Amino acid sequence: QQDEAVRKLAQRLKGIDGAIVGDEPGKFNPTTDPEATKFMMDEMVREAGVRVFLHSWVADVVMEGPAVRGVVFESKAGRQAILAKAVVDATGDGDVFAAAGAEHERRLHAIGLVHRLGNADRADPARLKEAGVGSLGSIEPLAAVRWVNLRGPSTDCLDVAELSRLELEHRRAIWNRVQKLRRTPGGERLFLLQTAPQLGVRISRLLAGTRRLTYAEAREGKTFPDTIAVGGAQNGEHRGWPIPYGAMVPGKLDNLLAAGRCICVDEKLIEDMRLIAPCLMTGHAAGAAAALAARSGRRPRDIDVGELRKLLLDQGAYLG
C-alpha cells in the first residue's frame, strides 16, 4: 500500500519520460531519476504555496516555557527566526528537538556516500563477471546509469570533524574503485558520473516520545488506536507495521512534532524506520497534525487523534 502523497509524486513522475522504473502493477518498488524527482518535488512545493528557505541550518529555538514557539536558522544572511503555531522537526537528526532540550538518545550508525556510474549500458557484464566484478549497482530509469550504495562505518554523524574526514575518505575510495573498474576488461567505458551532494547518515538522535514503537510490535503487526501511518520493511521480513501518533510527540516538550527516522522507535526498528517510505508517511501525518493543532489552538499532544486519522484518510493515507 502507498500513502497518497507518495502515490501522487509517483504518478506525476510517470508523466516525465524516463523518470521512474519498477512500478509494475502488483509490485510497487519504484526507482526514480534524482533530477526528475527534484524537479517534480519543487513543482509540488510551488503549487502548494510553501515559502522556502534553502541553504539554511537550524541554530536554535525560540522557547516559551516548555513550548517551542519558533526556530532560529543560520544562513549567508545571518541569523533569522521564524515563529510558528506548531513546529515539525523533519531534520532527520532531531536538530530542533535537541536544541529545545527534548529527551532523546543518541545512536551510532553506518555513514556512507552514494555514487552513480555512467556508461553502464556500454559495459560488458560477462567479461566483468569473469574478472570477479559483481553487480555494477542498482537499475535507474536511465539505461546508462547505475546507482551504487556505500554503507560506511558506524560513527558519530554529529561530529563535524568526523563527517569531514569520512566524506574525503569516501570520495577517494569511490574514485579509486571506479578507476579500477575502468582498468578491468569490460569496464573500460565506465566513468564516475556523480557522488551524492552529502553523506548518507542513517541515524543519530532518537526522540523520547509519549509512545515507543518496538521491533517486536512491528513484527507482530500490532495495531494502535492512534495509528497515523503504516511502515514496511525493505526485505519483506514482516508485513506493514502501524506507527502510533505518540511516537512523534515528545514526552515533555510542547508545540513540536518529529517526523522521519528520528521518531521514537527501539534500536532494532531503526533499519526499517529510516527508509524513505516511513519518513514520507510520518511527514504527512506530522504536517496534518500540526495544521490541526494550529487551527484549533491546541497543543499537538492534545489534538483529537480521531479527527487527525479522518483527515489523513480523506487525504488518501493508508492506515491499515
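Modeller: Buried means under 20% relative accessible area, exposed means over 50%, and partly exposed lies in between (1.4 Å probe, protein chains only). This is a predicted model, in which local features need pLDDT of at least 70, side-chain atom pairs count only at pLDDT 80 or more, and totals for chains, interfaces and linings use all residues. Residues are numbered from 1 along each chain as its sequence is written, and side-chain values use heavy atoms, with hydrogens and water left out.

Biologist: What makes Arg211 and Glu217 a salt bridge?

Modeller: The term asks for a side-chain nitrogen of Lys or Arg within 4 Å of a carboxyl oxygen of Asp or Glu. The closest N and O atoms of Arg211 and Glu217 are 2.7 Å apart, so the pair qualifies. Glu217 has 12% relative accessibility and therefore counts as buried. By this rule there are 27 salt bridges.

Biologist: Which parts of the chain does the salt bridge of Arg106 with Asp156 tie together?

Modeller: The closest N and O atoms of Arg106 and Asp156 are 2.7 Å apart. Arg106 lies in strand E7 (residues 104–106) and Asp156 in the loop between strand E12 (154–155) and helix H5 (160–182), so the pair joins parts 50 residues apart in sequence. Such helices (H or I, at least four residues) and strands (E, at least two) are DSSP runs, numbered from the N terminus.

Biologist: How do you know that the span of helix H8 agrees with its number of residues?

Modeller: The expected span is 1.5 Å times one less than the number of residues. For the 21 residues of H8 (276–296) that gives 30 Å, and the end C-alpha atoms are 30 Å apart, so the two agree. Buried residues of H8 include Met281, Thr282 and Leu292. Just after H8, Gly297 has a positive phi of about 75°.

Biologist: What makes a set of residues a nonpolar core?

Modeller: Its members are buried Ala, Val, Leu, Ile, Met, Phe, Trp, Tyr and Cys residues joined through side-chain atoms within 4.5 Å. The largest such core has 48 residues, and Ile243 is one of those with the most contacts inside it. H8 gives the largest share of this core, seven residues. A second, separate core has 16 residues, among them Leu113 and Val133.
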